[in-house]
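This report concerns a predicted model. Please keep the sequence and the structure at hand while reading.

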Amino acid sequence: MAQSTSAPVFDFRKVTVIYVLGGPGAGKFPLKTQTSRTQCDKLVETFGFCHLSAGDLLREEQNRNGSQYGELIRNCIQEGALVPSHVTMKLLENAMTEALKKRTGDGWTDGKGRFLIDGFPRKMDQALAFDETLCLASLVIFFNTSEEVMLRRLLERGKTSGREDDNVEVITKRFRTYNEQTMPVIEHYRAQNKLAEIDSTGSVEEVDRLASVVIRKLFS
């Protein structure tokens with residue numbers, strides 16, 4: 001991939017980007033507790049992040065009237081495949097720009113902002129392109145657990161989610177895609193000492209405690 005000759009859209013010295021990665025069902029969004037708060041919700045509440053889910057942005061774009069990418073996104077989701085990088089990147093850029101215009105409060109003054117981006121980057125070209133053209137990532141939180149746990153969580157979610165990709169056939173394809181394309185991303189950031197690996201098998205509260213320690217260290 002050719003090196004970018006222009007500066008990234010967002011300055012990493014002002015805009016903090018933390019990727020939240022893990023296999024499908026690994027813990028980015030564990031099963032809801034009685035308080036109906038997901039893992040990322042807790043971090044948003046504690047640290048004032050703007051949470052951007054690549055998957056949610058893609059599904060919203062898929063259902064948007066007149067979207068030029070709707071059919072492409074739908075086909076990729078149904079096949080458990082990755083949506084082309086330029087589509088996801090543009091949706092993230094638009095969402096970040098909008099948040100920087102509107103958000104206020106701690107961490108959001110003088111052009112500053114802080115983002116939790118989950119479900120992205122899914123492969124190396126996305127990671128390199130985002131760092132070079134949008135914003136250099138500060139940290140990657142990697143929620144890790146077994147495929148058995150992930151499968152159980154996704155099938156349980158599928159009972160109420162209405163998502164067309166929450167079935168065994170597509171989940172199996174997603175596991176394969178994750179191992180082949182996303183694990184190299186994990187190892188890339190591990191080599192840069194930007195990776196915080198967290199066992200997400202435990203309770204939402206325990207995972208939140210571990211993730212909060214990592215983020216407090218980053219902001220200290």
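**Helix 3.** Helix 3 spans residues 70–79, and its buried residues are Gly 70, Ile 73, Cys 76 and Ile 77. Viewed down the helix axis, these buried residues fall within an arc of 135°, so they line one face of helix 3. Their packing partners are helix 2 (54–63), helix 4 (85–102) and helix 7 (168–191). After helix 3 comes Gly 80, which has a positive phi, near 70°.

**Strand 4.** Of the 6 residues of strand 4 (residues 139–144), 5 are buried, so the strand is largely enclosed by the rest of the structure. Strand 4 pairs with strand 1 and with strand 5, as tabulated here.

| Partner of strand 4 | Residues of partner | Sense | Bridges |
|---|---|---|---|
| Strand 1 | 15–21 | parallel | 4 bridges |
| Strand 5 | 195–199 | parallel | 5 bridges |

Phe 142 of strand 4 is the bridge partner of Leu 21. Phe 142 also stands opposite Glu 197 in strand 5.

**Met 89.** Met 89 lies in helix 4, which is one of the helices against which the buried residues of helix 3 pack. Is Met 89 buried or exposed? The relative accessible area of Met 89 is 11%, and because buried means under 20%, this residue counts as buried. Not counting residues up to four places away in sequence, Met 89 touches Phe 120, Gln 126, Ala 129, Phe 130, Thr 133 and Leu 134. The C-alpha atoms of Met 89 and Ala 54 are separated by 9.0 Å, and the two residues are 35 residues apart along the chain.

Notes: Residues numbered from 1 in each chain as written. Predicted model: local features only at pLDDT ≥ 70, side-chain atom pairs only at ≥ 80, totals over all residues. Heavy atoms only, no water. Buried < 20%, exposed > 50% of the residue type's maximum accessible area, 1.4 Å probe, protein only. Helix = DSSP H or I, 4+ residues; strand = E, 2+ residues; numbered from the N terminus. Arc of directions from axis to C-beta. Contact = heavy atoms within 4.5 Å. Pairing = 2+ DSSP bridges.
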